[in-house]
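Hi everyone, thanks for coming. Let's look at this one together, with the sequence and the model side by side.

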Amino acid sequence: MAITTPERDLEEFLVTKLCDLKYEYRPDIRDRVTLEANFREKFETLNRVTLTDGEFQRLLDEIVTPDVYEAARSLRNREAFIRDDGTPLNYTLVNIKDWCKNAFEVVNQLRINTDNSHHRYDVMILINGVPVVQIELKTLGISPRRAMEQIINYKNDPGNGYGKTLLCFVQLFIVSNRTNTWYFANNNARHFAFDADERFLPIYQFAAEDNSKISYLDDFADRFLAKCTLGQMISKYMVLIASEQRLLMMRPYQIYAVKAIVDCIDQNCGNGYIWHTTGSGKTLTSFKASTLLKSNESIHKCLFVVDRKDLDRQTREEFNRFQENCVEENTNTAALVRRLLSDNYADKVIVTTIQKLGLALDENSKHNKQKVAQGRSTFKQRLEQLRDKRMVFIFDECHRSQFGENHRAIKEFFPNSQLFGFTGTPIFEDNATTKQIEGDVATLRTTKDLFEKELHAYTITHAIEDRNVLRFHVDYYKPKDGVAPKQGQTFAKQAVAQAILDKHDAATGPPLQRTARDRVDQRRYRVLRCLQKAPGRAPIRRPGGSSPQDRRSFLTSR
C-alpha cells in the first residue's frame with residue numbers, strides 16, 4: 001500500500017479482513033440507537049427472554065456506568081435484574097462459558113452523540129452486541145501514537161460516550177498505521193494517561209511464540225483478531241485487579257507460557273519448565289496458570305511452591321492482589337496438611353514453601369517422630385489418601401530449590417503429579433555444579449534433567465529489546481600495566497574488587513562531604529534507633545529523609 005493511501009482505504013481493508021475471519025459486517029449500525037437495538041436483540045436471544053421497552057431502558061440504566069472496572073466485571077459475571085412483575089432475571093451479557101460461541105460483528109464509522117460529545121470511531125468489534133474492541137487507524141507514515149492521543153482526548157471529553165453508552169464495555173484499544181500495530185487495555189482515568197514522553201503505559205505489541213513481533217496489521221488480525229483468539233484474550237488473559245480497580249493485559253510471552261502449561265496438563269504429557277527472565281512478571285504468569293487450573297476438574301490440587309518464607313508471603317499477597325482472597329496463609333506445616341486434605345474449592349490452589357512441603361513428607365522430621373512416639377498419625381500418613389490424586393506443582397525459581405531431596409520426595413509420593421518450574425536462570429550442562437550419580441557414572445544435573453522439557457523461553461535479550469528491563473552497561477577489567485591475560489588465565493578476586501572500588505566514585509558521582517557534626521549526628525541517630533528496641537521504650541519515629549539536615553532536625557526534636 002502506498003504511503004499516500006487514505007485512512008478510509010485502510011479502514012475498508014480491515015473490515016474486509018475481519019469478514020474473511022468470519023465476522024459479520026453490520027453497515028446498518030451507525031449510531032447509538034441502532035447499536036442499542038442490536039444489543040437488545042442479542043441479549044434477548046442469549047438469555048431467552050423478551051423485555052418490554054421499559055425493562056430494556058432500565059437494564060441499560062443499570063449496566064451503563066462510567067466505571068471501567070465495574071463494567072469489565074459485569075461483562076464477565078452472571079448478574080441479576082428485577083423485571084416489571086417483580087421476578088428476578090439472572091442474565092449474562094455474553095456467553096461467558098464459551099466465548100467462541102458468541103456473535104462476532106464489526107461496524108465502522110460509528111457515531112455516538114451525547115449531550116456534550118459528538119465522536120466517530122473508525123472500527124468497532126462487537127461480541128454479542130457489546131462493543132469490546134475499538135480500533136483507530138492512521139495513514140501510513142503517521143505514528144500510531146497520534147491515534148492513542150486521540151483516544152485519550154475522546155475519553156477526557158466531558159459527557160463522552162464511554163461513560164454514558166454501551167461503549168463503557170470497551171476492553172481493548174488497538175491503534176495501527178498498518179505497518180505498526182499496538183494495543184492496550186481500557187481503564188479508569190488514574191490508570192489511563194500518557195507520560196511525559198507521550199508513551200502510553202502499558203502498551204503492547206503482539207508477538208509469536210518465538211517472541212518475534214507481529215506488528216503488520218494483516219498479520220496482527222490473523223493472529224490476534226481471530227474470533228476465538230480475541231474471545232480468549234478478553235476472557236482469560238485480561239486480569240481484573242480488584243485492589244487497584246484496574247484492568248491488566250497479559251503480555252504475549254506470559255500468555256504462551258500459560259497455554260503451554262495448561263495444554264501439557266490437559267494432554268497429561270509430563271513435566272516442563274518456563275524460562276522467563278527476572279523482572280518479566282513470572283508471578284502473574286503462575287497466578288493465571290493456577291486460576292485456570294482451578295476450574296479443571298481432573299486436577300485435585302495445584303500447589304505454587306517457593307523456596308523462602310518471605311517469598312511465600314510476597315507471592316500470596318501478589319496472588320490476592322490479582323484476585324481477592326484466592327489463597328490463604330499456611331502458617332505452618334500442619335496448616336498446609338489441612339488444606340491439602342480439604343475438599344473446599346477455596347483450597348484448591350495453595351501457596352507454600354518447599355520446606356513446609358518437605359517436612360510434611362519427611363518421616364524422620366522431629367514432629368513426625370513425636371507423632372510416632374505418641375502413637376498418632378504422621379503428616380505423611382495423613383496424606384496417604386492423596387497419593388493417587390492428580391496434583392500439579394508449580395515451582396518458583398526452580399533453579400534454586402529443586403536440586404535436593406524434596407524434589408525426589410514429591411515425585412515418589414505423588415506418582416500422578418506433574419511438575420512445572422519457572423526460572424530466570426536455568427541450569428545447563430556448562431553451568432551445572434550438582435552431580436547425579438547413576439551407578440558408577442556421574443552426570444551433571446540440569447533444569448532439563450528435572451523438568452524434562454522447555455515449554456517457553458523469554459530471555460534477557462527479549463526483555464531488553466521490549467524495554468521491560470534496563471540495558472546492561474558492561475565495563476571490562478584491565479590490569480594497570482596493560483598486559484593482556486593469557487587464554488584461560490583468571491585474575492585474583494582482590495584485584496577485581498579493587499578495580500571496582502577505584503572506579504566507583506567516577507561511575508556514581510563524587511561522595512558527599514560530611515562534616516564532623518554530621519558524623520556525630522549520625523552516631524547519635526543510630527544509638528536512638530537501637531534504644532527503640534529496648535523493652536518499655538516508646539517507639540521512635542524515623543525522620544522523613546536520610547540527609548544530614550533531616551537527621552539534625554530529628555535529633556533536635558528529641
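Does D53 count as buried or exposed? D53 counts as exposed, because its relative accessibility is 59%; exposed means over 50% relative accessible area, buried under 20%, and partly exposed in between, using a 1.4 Å probe and protein chains only.

Before I go on, this is a predicted model, so local features need pLDDT of at least 70 and side-chain atom pairs count only at pLDDT 80 or more, while totals for chains, interfaces and linings use all residues. Residues are numbered from 1 along each chain as its sequence is written, and side-chain values use heavy atoms, leaving out hydrogens and water.

Back to D53: you'll find it in helix α3, residues 53–63. Helices here are DSSP runs of H or I with at least four residues, strands are runs of E with at least two, and both are numbered from the N terminus.

Now the rings. The structure holds 23 aromatic pairs. Rings of Phe, Tyr and Trp (its six-membered ring) pair if their centres lie within 6.5 Å; planes under 30 degrees apart count as stacked, over 60 as edge-to-face, and the rest as tilted. Take F206 and F224: their centres are 5.2 Å apart and their planes at 80 degrees, so this pair is edge-to-face. F206 lies in the loop between β8 (181–185) and α7 (217–224), and F224 in helix α7, so the pair ties together parts 18 residues apart in sequence. Both F206 and F224 are buried.

Which residues do ring pairs link into a cluster? They are Y121, Y154, Y162, F173, F184 and F192.
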